[in-house]
Amino acid sequence: MLLLSLPRFMNATKAASSRRLASSLKSQRLLFTRLPQKATAVPLKQPTPAFYSTAHASPLKERLAQLIPKRREEVKKFRAEHGSDVLGEVTLNQIYGGARGVPALLWEGSVLDPNEGIRFRNLTVKECQEKLPSATHGKQPLPESMFWLLVTGEVPTANEVQALSAEWAARAQLPKFVEDLIDNCPNTLHPMAQLSLAITALENDSVFSKAYHSGVSKADYWQFTYEDSMDLIAKIVPIAGRIYRNLYRDGVVAPIQPDKDYGYNLANVLGFSNNEEFVELLRLYLSIHSDHEGGNVSAHTGHLVGSALSSPFLSMAASLNGLAGPLHGLANQEVLDFLLKMKESVGDDYSDETLEKYLWNILDNGQIVPGYGHAVLRKTDPRYLAQRDFALEHLPEDPMFKLVSRLYEVVPRVLTKHGKTKNPFPNVDSHSGVLLQYYGLKEQTFYTVLFGISRTLGVMAQLIWDRALGLPIERPKSFSTEVLKKRIEKA
Ligand code: CMX
């Protein structure tokens, strides 16, 4: 077991290379992302309404205060020069087909290529693993470093990551009524519903809502969004711990450790921090599930609700409600149910014939194979591969991992023959459950909560920029079938 104090937990080699990376990235073709050299810190001008006093020193906020004015100018110029340029067209099928592929959203943190997979601020999953600071003796990116990257487009230094760990730990205290709210939930209420309730209840202390109603300048909205976002990211950990410990253990939640990183603290509130390998898994998990561009249900919902100037708490609660759907984040729970049932049925017989027969039975019943397919991806999800690499290193002989591995060979073939899905390959949800099971986190109804914690990082990073760039309320146009028919006739 490794219990390291915060000043020591950073991987010095990676931290040292982060500056070099920032300058090498500068030369790459970046569509929207700029990676400016860090300027000397300037004191951040904070708006000072009566209710607003932050005791939290925040290097990330200072850095944002430097980046935002430049970005605002850049976007203003870009829009002035190209505001009327056409980026695509919309077909009738797209209107009836869930708006697939319609270029309609701004999302700064990540961009998804159908074949290559996700790039977080232009870094692939593998590059993030190589370049973002990790824990001492660890290999996986610290979620703090992923958040810094998503927000700023820069690889943070070890000190910057350490400051973020300390800031999140310092903000983690829950209001008593939120603890009571969770404690009073019936144990039949799904953990995602409990999570959403608790996050909604944090609205009580939203500085964004208070600032809005006190009439602060629009130019300062981002600062209050930032404060709420940081509180939310910090408090979602003890909330998750409380839900987990109430539902599946003794109801006792370990306190947040102020000198430990985010992944450690999450493992600790769940009761698993004595296994360093599991802590590393959580760091990987929290980093790679954080963002998957803006069109997926959870990301888009958070962004949409935030556009009405609902606070980060209300926006994220809405986002989590979307994540809780079985076609989206709940798929990781569904995958494990599916695997366990399959294992029960096939036993140790992982032959092509037996697995294919089982899969065809599901498909012939009109059911889906959870964990396979994607609305955008057309190849194996690199987030799946990162988890597979982790399994190959740490649990290569685990029977459930072996089943997942065999399905990776068999399912694409079957789905291709089935001929419906546009992408027969596994997505991120296909792998996470077996890893969590292996380390003893066996309650699959809780899995989407972990996804939700991670997704909060991506949604909050974007929400800060939404307010920094002054994006307006979202309002795409809809039509009835009758009107569409008329328009088509006319066309
Ligand atoms: N098993 C069986 N059929 C599938 C399938 C799968 N894994 N994936 C897609 N299909 C079917 C669809 O249901 C659809 O059938 P109909 O024409 O009868 O409606 C057809 O193939 C075409 O779908 P698609 O265009 O390939 O996929 P969509 O963009 O409509 O949906 C997704 C994408 C992820 C919802 C779908 O692939 C699916 O349901 N997968 C299983 C659930 C899952 O793993 N979700 C998690 C995705 C990642 C995440 O968001 O967390």
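## Exercises on a predicted model

Cys-185 has a relative accessibility of 15% and therefore counts as buried.

### Exercise 1. Cysteines

Classify Cys-128 as buried or exposed, and state how many disulfides the model contains.

*Solution.* Step 1: a residue counts as buried under 20% relative accessible area. Step 2: Cys-128 has 1% relative accessibility, so Cys-128 is buried. Step 3: a disulfide is a covalent bond between the sulfur atoms of two cysteines. Step 4: the criterion is a pair of cysteine sulfur atoms within 2.5 Å, and the count by this rule is zero.

### Exercise 2. The ligand and its shell

Determine which residues are closest to the ligand, and how the shell divides by residue class.

*Solution.* Step 1: the ligand is surrounded by 20 residues, and the closest are His-328, Gly-371, Lys-420, Lys-422 and Asp-429. Step 2: sorted by class, the shell holds 10 nonpolar, six polar and four charged residues.

### Exercise 3. Polar atoms at the ligand

Identify the polar atoms of Val-369, Lys-420 and Asn-427 that lie by the ligand, and state what share of the ligand's accessible area the protein covers.

*Solution.* Step 1: Val-369 has a polar backbone atom 2.8 Å from a nitrogen atom of the ligand. Step 2: Lys-420 places a polar side-chain atom 2.7 Å from a ligand oxygen atom. Step 3: for Asn-427, a polar side-chain atom is 3.0 Å from an oxygen atom of the ligand. Step 4: on its own the ligand has 890 Å² of accessible area, of which the protein covers 75%.

### Exercise 4. Position relative to the domains

Explain why the ligand is said to lie between domain 1 and domain 2.

*Solution.* Step 1: domain 1 comprises 106-329 + 447-469, and domain 2 comprises 331-439. Step 2: both domains give residues to the shell around the ligand, so the ligand lies between them.

Terms used: Residues are numbered from 1 along each chain as its sequence is written. This is a predicted model: local features need pLDDT of at least 70, side-chain atom pairs count only at pLDDT 80 or more; totals for chains, interfaces and linings use all residues. Side-chain values use heavy atoms; hydrogens and water are left out. A residue is near a molecule or strand if one of its heavy atoms lies within 4 Å of it. A polar contact is a pair of N or O atoms within 3.5 Å; within protein, one must be able to donate a hydrogen and the other to accept it, and residues adjacent in sequence count only if both atoms are side-chain atoms. Accessible areas come from the Shrake-Rupley method with a 1.4 Å probe; for residues, only the protein chains shown count as cover. Ala, Val, Leu, Ile, Met, Phe, Trp, Tyr, Cys and Pro count as nonpolar, Asp, Glu, Lys and Arg as charged, and the others, Gly among them, as polar. Domain bounds come from an automatic or database domain assignment. Buried means under 20% relative accessible area, exposed over 50%, partly exposed in between (1.4 Å probe, protein chains only).
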